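Subject: Structure handover and notes

Dear colleague,

I am passing on the structure below, together with notes on what was found in it. Please read the notes with the coordinates open beside you.

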Amino acid sequence: MKKKNIALVGVPMDLGQMRRGVDMGPSAIRYAGVIERLEQLGHTVEDLGDIRIDQPEREHTADTNLRNLDAVVKGSTELATTVRSVKEKGDFPLILGGDHSIAIGSLAGISKRYENLGVIWYDAHGDLNTGETSPSGNIHGMPLAVSLGIGHPDLVNILDYTPKVKPENIVIIGARSLDEGERELIKERGIRVYTMHEIDRMGMTKVIEESIDYLKGRTDGVHLSLDLDGLDPLDAPGVGTPVIGGISYRESHLAMEMLAEADLLTSAEFVEVNPILDEKNKTAKVAVALMGSLFGEKLL
Ligand SMILES: NC(=[NH2+])NCCC[C@H](N)C(=O)O
Ligand SMILES: [Mn+2]
Ligand SMILES: [Mn+2]
């Protein structure tokens, strides 16, 4: 794989959901050795530090059931601005969460430069809720919908353009928990989804081959948004919304290795690592190991 200039951006965001601790994800991932791991592969890594996340003044503003909306908008805007300047330099943004609401800012910062940004959403969930369909009011269940231009205007219009991605440029991998409104949106917009059923049936090899072929033909850049809860909770216990029956550690490495071989990613983020819920930093270590594979690590 081509050597990259990787810009590391931490986002200590925990306002998109209700489990405290996920704001410590970036430190846990750094502690698990991400920088050394990527430098060993011959890449240069510049750590830009953490985005500042405010403590919200109040959880709810008058017109919405979305929790912590204002603080999430503010943090997302700052992240988007930082990521945009990384892209302007031609570097590879590697964003560390934080809960999955940070994808709103990541995609806002990245997508402006692309006509057709592809997105691989590796996740147990669809994260396609809106204020109307959300069972929880938690913004980490909404970022993919927001990026499609569907949702609260303050979120949808970050950096003053919308949509950030087109439905036909998205591939969801690992889904096993979808709310009713999310199912409808997937059907209505024709979003490609490989649920656990397809992964079991076709095998991860075929799933990734098809995903790469599909995105290669239609996109001019691809962002990987990897929610650690896409993996089985046995392999990645340190997440706030675990769902049993997930993608294995091995399948995930295979997926990362195949993406590295194809060398088509232009940015990536790893989210939802919650050290408080973790077992001896296991989930952060898994995240770093997967990043190793994603950036070209091989045994021989
Ligand atoms: N990024 C995540 N872990 N999202 C979980 C979302 C769970 C649920 N669908 C909700 O909207 O509340
Ligand atoms: Mn998830
Ligand atoms: Mn998610």
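Which are the buried residues of α4? The model is a predicted one, and in it the buried residues of α4 are Ile102, Ala103, Ile104, Gly105, Ser106, Leu107, Ala108, Gly109, Ile110 and Ser111. Because ten of the ten residues of α4 are buried, this helix is largely enclosed by the rest of the structure.

One neighbour of that helix is α3. The axes of helix α3 (residues 69-89) and helix α4 (residues 102-111) come within 7 Å of each other and cross at roughly 35°, and the crossing of α3 and α4 is right-handed. On the α3 side, the residues that meet α4 are Gly75, Ser76, Thr77, Leu79, Ala80, Thr81, Thr82, Val83, Arg84 and Lys87, while on the α4 side the contact is made by Ile102, Ile104, Gly105, Ser106, Ala108, Gly109 and Ile110.

The peptide bond that joins Gly97 and Gly98 is cis, with omega at about 15°, and Gly98 is placed in the loop between β3 (92-97) and α4. A cis peptide bond also runs from Thr162 to Pro163, where omega is near -5°; Pro163 is found in the loop between α6 (153-156) and β5 (170-175).

Asn68, in the loop between β2 (44-50) and α3, has phi near 60°, a positive value in a residue other than glycine. Asp263, in the loop between α10 (249-262) and β8 (265-271), has phi near 45°, again positive in a residue other than glycine. Is each of them buried or exposed? Asn68 counts as buried because it has 28 C-beta neighbours inside 10 Å, whereas Asp263, with 11 other C-beta atoms within 10 Å, is exposed.

Helix α9 deserves a paragraph of its own. At 1.5 Å a residue, the 15 residues of helix α9 (residues 204-218) should span 21 Å, and the end C-alpha atoms of the helix are 21 Å apart, which agrees. Within α9, Met204, Val207, Ile208, Ser211 and Leu215 are buried. These residues lie on the same side of α9, because they cover an arc of only 90° around the axis. The other side of α9 carries the exposed residues Thr205, Asp213, Lys216 and Gly217. What do the buried residues of α9 pack against? Their partners are the strands β4 (117-122), β5, β6 (192-195) and β7 (221-227), together with the helices α8 (196-202) and α10.

Lastly, a note on Met202, which has its place in helix α8. Met202 is partly exposed, with 14 other C-beta atoms within 10 Å. From C-alpha to C-alpha, Met202 and Arg20 are 37 Å apart in space, and in sequence they are 182 residues apart.

With best wishes

Technical notes
Residues are numbered from 1 along each chain as its sequence is written. Chains are lettered from A and ligands numbered from 1 in the order in which they are written. This is a predicted model: local features need pLDDT of at least 70, side-chain atom pairs count only at pLDDT 80 or more; totals for chains, interfaces and linings use all residues. Axes are lines fitted to C-alpha atoms, for helices over the stretch in contact, and angles run from 0 to 180 degrees between N-to-C directions. Helices (H or I, at least four residues) and strands (E, at least two) are DSSP runs, numbered from the N terminus. A crossing is left-handed if the near helix is turned anticlockwise from the far one by less than a right angle, and right-handed if clockwise. Two residues are in contact if their C-beta atoms, placed from the backbone, lie within 7 Å. A residue is buried if 20 or more other C-beta atoms lie within 10 Å of its own, exposed if 12 or fewer, and partly exposed in between; C-beta atoms are placed from the backbone. The expected span of a helix is 1.5 Å times one less than its number of residues. The arc is that of the directions from the helix axis to the C-beta atoms.
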